[in-house]
Amino acid sequence: MEQLLEFETVSKKFGSKAALQGISLSVNPGRIVGLLGSNGSGKSTLMRIAAGLIRPDSGKVRVLGDEPGVQSKARVSFMPDKPQFESWMTVGEALNFQKDFFPDFDPDKSKRMLDFMKLSRKDKTSSLSKGMQERLQLTLALSRRASLYLLDEPIGGVDPVARDHILDALVEFYEEDSSVIVSTHLIADIERIFDEVLMIKDGSLVLREDVERIRLTSGKSVDQLFKEVYAEC
Amino acid sequence: MLRLLKYDLKRDMYVLLGGTIALLLGLLVIELGTKSITTSVTAKAVLSFMMYTFFGILILIATCRGFQANICSIGRRLVPLGSIHYIGAALLYGVLLNAVLLAIAGLQVLYYDSVGILEELWRLGAFTVNWNSSIPLPLGALLIILWATLFLLTLLLLVMALTESIKFKGRILIALAVIVLLSSLISWAENHFFGGLSSQALTGFRIEDQSQMILPSQSFRTGLLRFIFKLVVGAVFIWLTVKLIDNRVKVD
């Protein structure tokens with residue numbers, strides 16, 4: 001089985017601060033993986049390396065068998081933690097932008113997602129609330145039929161009702177033969193959708209486990225385990 | 001590349017429309033305003049030339065700002081295109097807008113020609129043109145100015161990418177220093193290898209007297225060698241810009 005994402009002893013520094021320290025991991029198809037860690041633990045750096053936005057200082061990264069680059073960008077759908085649309089755009093123009101550049105963009109799916117998210121193509125992106133911007137971000141990411149979805153803090157900064165709506169949309173619209181990696185530190189709200197979790201702390205992988213196994217062997221929720229792991233570190 | 005250009009033009013649509021209207025109004029003011037007072041046709045031509053120069057500089061600034069926004073924009077950097085496409089789109093943007101500016105200037109020249117002002121300017125010796133090429137002068141002037149714009153832009157885009165790669169303060173000063181240094185080096189190399197007395201900080205066409213525009217004229221062989229030299233230098237600038245975008249420029 002082809003692994004969608006492979007990290008082999010990957011390290012990255014920003015100035016003197018190590019963001020990732022020798023991380024190794026792999027993600028198989030058909031999984032929803034939680035990338036968990038506190039603020040500044042290296043989640044976004046890992047996501048950005050996988051998305052081909054930054055290059056690691058050392059180690060090897062393989063996305064769908066290739067090094068991150070132009071080819072992998074066409075098959076990986078990344079939802080960054082900041083708006084990827086431009087402030088002059090309307091919702092429709094932001095979707096047209098995706099359609100123009102990504103061959104796997106599915107207009108029918110985007111239409112269904114717009115309805116689900118209660119967004120209008122005529123809305124100006126600059127006038128959307130934080131929650132609605134998150135919804136648009138997710139619409140842009142999930143309207144593609146990508147092999148790997150990377151969602152960086154998709155529910156950060158939105159109210160609990162909007163969180164549930166966003167998570168429902170994620171489960172409804174992701175491609176089942178692809179994989180989703182969701183980075184977050186708001187675990188209690190989101191752990192119901194995970195198949196597997198990766199916990200990172202100070203740029204190092206401290207735990208990798210199936211969610212079902214965690215529940216069966218420890219009798220704890222992922223949120224409880226997360227608090228234990230991070231309390232020990 | 002063209003798709004990136006399409007979104008650059010859409011983004012800047014209102015600024016560009018506003019700029020075009022401002023230019024036309026400015027030219028109209030020069031034309032009508034100078035009718036009521038005793039102004040020589042030379043002064044009128046110089047004012048118009050200054051107006052075009054001013055808008056040409058604005059186009060360069062807009063091109064650089066757009067390029068800077070694009071290479072730092074997460075939405076743009078996620079598209080499956082190599083860094084060369086951002087550079088190509090910016091060069092096309094700058095050349096396209098300058099071509100529009102030159103087209104407006106061309107219309108004004110045609111108007112001057114039809115009302116006899118152009119003939120009067122020639123007669124007064126307001127500008128001199130040494131042109132001994134088989135290419136018609138208007139086409140030659142157009143190509144020279146667009147080529148100068150393209151070459152200058154390769155330098156400016158490199159400097160923009162460089163400043164976005166620098167993490168410490170004083171980036172604008174460094175950018176200015178690099179522009180002056182590289183331009184002076186190119187001028188020196190041109191003079192050294194192909195002769196000439198050019199010493200301008202910014203390469204391109206030059207004004208040597210207050211009211212005399214001189215289009216450079218040289219032998220075909222020297223001209224070709226200069227062109228090849230600048231082509232190679234421009235290619236090196238583009239290569240360096242690609243390397244900086246790929247390895248150093250931080251995405252916001």
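**Reading local and helical geometry**

Analyst: Thr9(A) is partly exposed, with 13 other C-beta atoms within 10 Å (20 or more would be buried, 12 or fewer exposed, with C-beta atoms placed from the backbone). This is a predicted model, in which local features need pLDDT of at least 70, side-chain atom pairs count only at pLDDT 80 or more, and totals for chains, interfaces and linings use all residues. Residues are numbered from 1 along each chain as its sequence is written, with chains lettered from A and ligands numbered from 1 in the order written.

User: Which residues other than glycine have a positive phi, and where are they found?

Analyst: Most residues other than glycine have a negative phi. Thr9(A), in strand β1 (residues 5-14) of chain A, has a phi of about 40°. Asp202(A) has a phi near 50° and lies in the loop between β8 (196-201) and β9 (204-210) of chain A. Asp202(A) is partly exposed, with 16 other C-beta atoms within 10 Å.

User: At what angle do α5 and α6 of chain A pack?

Analyst: Packed helices are described by the angle and the distance between their axes. Helices α5 (residues 130-142) and α6 (residues 160-173) of chain A pack at about 5°, with axes 11 Å apart; they are therefore roughly parallel (angles under 35 degrees). On α5(A), the contact (C-beta atoms within 7 Å) includes Leu138(A) and Leu142(A), and on α6(A) it includes Ile166(A) and Phe173(A).

User: How much helix do residues 12-33 and 139-160 of chain B hold?

Analyst: An unreviewed UniProt entry lists both stretches among the transmembrane regions of chain B. Residues 12-33 of chain B are 95% helix and 0% strand, while residues 139-160 of chain B are 100% helix, with end C-alpha atoms 31 Å apart. Helices here are DSSP runs (H or I, at least four residues), and strands are E runs of at least two.

Definitions and conventions: Axes are lines fitted to C-alpha atoms, for helices over the stretch in contact, and angles run from 0 to 180 degrees between N-to-C directions. Angles under 35 degrees count as roughly parallel, over 145 as roughly antiparallel, 65 to 115 as roughly perpendicular and the rest as oblique. Two residues are in contact if their C-beta atoms, placed from the backbone, lie within 7 Å. UniProt positions are given in the numbering used here, feature names are shortened, and annotations may be inferred rather than shown by experiment.
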